[in-house]
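Hi,

Here is the model I promised to pass along.

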Amino acid sequence: MISIKEKIAYGLGDTASNIVFQSVMLFLSFFYTDIFGISPAVVGTLFLVVRIFDAVTDPLMGAMTDRTQTKYGKFRPYLLWLAVPFGVISVLAFTTPDFTEQGKVIYAFATYALLMIAYTAINIPYSALGGVITADPKERVSVQSYRFVFGMLGGLIVTACTLPLVDWFGAGDKAKGYQLTIAAMSAVGVIMFFVCFAGTKERVIAPKQNSTFKQDMASLWQNDQWRILCAVAFFVLIGMVMRNTLAIYYVKYFLLREDLITAFITLGMIGNILGCAVAPSVVKRICKIKVYSGVLIIAAVMCVGSYWIKPDQLVLAFVIYFIGNVFLQMGTPLLWAKIADTVDYGQFKTGVRITGMTYSSVVFFIKLGLALGGAIVGWLLAYYGYQPDTAQSPEAVNGILVSFTIFPAVAFIIVSWLMSRYKLNDYKVMEIQSVIVKETH
């Protein structure tokens, strides 16, 4: 059994990550269009183009961590080495320089690319760390639940504090407000990464890596369950990002209650925390594969339900958004626990254990979904004729509504269908682990 203290320490690492991750999901598109001053179409293209770097950096980072050997382990040292650079780059991404429009676009591309590289460099070893803290399948769910409860607390900090802090720090200058707000949050995040490093331990020790990068990639491709999870991660993030990014636009332009933006997204984050917290209790009684598939269907139903809400039905809008987030985020710890299971499965199938590569590749598809979801939002806003910070046309308002409700529902239904092809239940994982133990002793 892993101590609660260690689970909390591990979870604080995701609190730190989510201060940036949720800021990007919830505010960066809005910051770029309404504060920074670049067009929605350019923002959409920016989010997608930067993902080209991830096709190179993610597998390289995974391979690097698999080959790292220090007295602190393979994965923990990166939290110590990269916390401060990650915090500094986060501030740069939310800084508005006094440049021409073209200069601002170049600056946005450069700083967003650096931010995603820094996120890769610290988040891949952090994520892989969760797979080597314990080998027990149910404890893995518990560890990941602590991770995402604390991760969503980071998101709660972002939703509840960002706009008030922007007003407070900026005193009318929103560009300055965003910069100083992210600086304050990043400083807290750096401390949390240090606590995560100090409070965790690597217990599942992989044999020394003698294979080449090319051989690792070949072994990874043979892992059919990993391929399913990559597709799941890709589509679920598209839906999540569209839902989260458009929440601000939905409240401001469809519900016509800009004053309720912070309350709306904060309630959604509370729903996220509740969903992550109850996941371990649910999977004790029901197969985690069935749970994951089921909660995505319910989340899709909640999204479609939002489409039929009228602007004056504020309470119903809040309630459905909250319920949808509870069920959607109930699946998040299960997804990450299943990644650890596919590492075991890959070792069972190929004889090679590649923890870092497995996590880095799934993280790549998560970020690809994050990027494409953000890009789709930008393109759709441009297509529907969105004009920043002004009254919108009926076509733009309807476009925001459809993009916030129907399109994410489609993505979640695809994810549920993909999970019907996944076969690593707890019994199968325990069976695989018993074979691995016999082969390595």
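Below are my notes on the core, the cysteines and one proline.

This is a predicted model, so to speak of local features I needed pLDDT of at least 70, with side-chain atom pairs counted only at pLDDT 80 or more, while totals for chains, interfaces and linings use all residues. Residues are numbered from 1 along each chain as its sequence is written, and side-chain values use heavy atoms, with hydrogens and water left out.

A nonpolar core here is a set of buried Ala, Val, Leu, Ile, Met, Phe, Trp, Tyr and Cys residues joined through side-chain atoms within 4.5 Å. Buried means under 20% relative accessible area, exposed over 50%, and partly exposed in between (1.4 Å probe, protein chains only). The largest such core has 148 residues, and those touching the most other members are Tyr32, Tyr112, Val236, Tyr250, Phe264 and Tyr292. Helix α9 (residues 224–254) gives the largest share of this core, 21 residues; helices are DSSP runs of H or I, at least four residues, numbered from the N terminus. Leaving aside residues up to four places away in sequence, Val236 touches Tyr292, Leu296, Leu328, Phe412 and Val415, where contact means heavy atoms within 4.5 Å.

With a disulfide taken as a pair of cysteine sulfur atoms within 2.5 Å, the count is zero. For Cys161, the nearest cysteine sulfur is that of Cys276, 19 Å away.

Finally, Pro164 sits in helix α6 (residues 137–170) and is partly exposed, at 42% relative accessible area.

Happy modelling!

Terms used:
Helix = DSSP H or I, 4+ residues; strand = E, 2+ residues; numbered from the N terminus.
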